[in-house]
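Let me put the thing up on the screen and then walk you through it.

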Amino acid sequence: MVKRRDCLGLAAAATLPPVNAAGTTVVANAFAPATSGAFAPAVQATPAMLALAQRFADGAALRVGRLAVTVEPLVDNGNSVPVHMTLDSPMTPDQHVVGMALFSEKNPEPHIADFVLSPASGLARVSTRVRLTGTGQLLGVAKLSDGTCWMQTVDVIVTLAACIED
Amino acid sequence: MSRALLFAPSSAKRGEVIEVRALVQHPMDTGYRRSNDGEPIARNLVRTITCRIAPLAGAAAQTQAQTQGAAGGEIIFSARLHAAVAANPYLAFHCRMVVSSRLTVQWAGDNGFTNSASADVLVL
C-alpha cells in the first residue's frame, strides 16, 4: 500500500486500495442495459461515483454502454490528460445528446466538467484536457433527448499525479 | 487580457460537421496549491464556456428557412468547468454548418474573468 498526502497537504495517509477492494461495487444488476443479449456489460465503480452519475442523470435510468470515454491507459503527467467522450447519435432534433458529464474518482473534487450539446452540434463528441490526481477511474455520463442516460467508465494509470506537491 | 484561440475550418460544405477547438490562457488554480511562501494560492477557475453561432450578413437572406434553428447568436454548445480541468482549458466540440456563420466562443470565470474569440466559417 502506498501512503501519500492529499491535495491539502494535511499529511493524512491515504492508502491506495487494491484493484478489487471491497469498497468498489460491481454494477451488474442495477444498471444492466435494458436490451437482452448474451453479453451484459457491467461497470465497476465506487458508490460515490455512482451517486454522482445518478445525480447528473436526475432520476433517469442509468444504463451502461453507448458512450465511449477515451483516454490513454497510462499517463505520464496527470496535469494535462486528453480525454474524449463520444456517443454515436444522429443529433437530430428528435434524437440527440442533451448533455455529458465527466467525473474522476481520485480527484479531491471528482466533478470535471459538464457539457451541453444541441442538435446543431452534429456530432456528440467532446474533447478536453483534465487533471488527474491518481491512478483511478474516469466515469462519463451522457443524457439523451429521449430521457435515457448512458454511462461508461475507464481506468487510467497516472505516473505523475496533479495536485499533490511536496 | 489572456490569449484565446479558436480554431475552425475557414470553409465547409453545407451540412458538414466541423470540429471546433477552443483554448484560453488561464492558470485554473484549484486552490489546493501553495506558493513558495507556503500561502495557499486562491481558487481561480474558468467556470463557463459558451459557443454561439450567428449567420454572416450575406448568407442570412437565403437561409432563414433552411437553418436548423441556428439564427443570430444562438448557443450551440456550452460547458461548465470545474477544478479538475487542466490549466489553459482546451475544448474541442463539433458543429453542423448550414450557412456561412460566425462562431463566437466566450469564456467566463472567477474574479470577473472574461474572454472571447470568433471565427468565420464560409459554407460553400
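So, which residue in strand 7 of chain B does Pro55(B) stand opposite? That's Ser101(B). This is a predicted model, so to speak: local features need pLDDT of at least 70, side-chain atom pairs count only at pLDDT 80 or more, and totals for chains, interfaces and linings use all residues. Residues are numbered from 1 along each chain as its sequence is written, chains are lettered from A and ligands numbered from 1 in the order written, and side-chain values use heavy atoms, with hydrogens and water left out.

Back to chain B. Strand 4 (residues 46–55) and strand 7 (residues 101–109) run antiparallel over nine bridges; strands are DSSP runs of E, at least two residues, numbered from the N terminus, and a pair needs at least two DSSP bridges. Strand 7 of chain B also pairs, antiparallel, with strand 8 (residues 113–123), over nine bridges. Those two make a hairpin with three residues between them, and Asn111(B) in the turn has a positive phi of about 60 degrees. Gly109(B) has Phe113(B) as its bridge partner.

Now the interface. Chain A and chain B each put 30 residues into the contact, meaning heavy atoms within 4.5 Å. There are two salt bridges across it, that is, a side-chain nitrogen of Lys or Arg within 4 Å of a carboxyl oxygen of Asp or Glu. One joins Arg43(B) and Glu109(A), at 2.7 Å, N to O.

Strands cross over too: strand 11 of chain A pairs antiparallel with strand 6 (residues 90–96) of chain B over two bridges. There, Thr128(A) sits opposite Leu91(B).

How values were computed:
Helix = DSSP H or I, 4+ residues; strand = E, 2+ residues; numbered from the N terminus.
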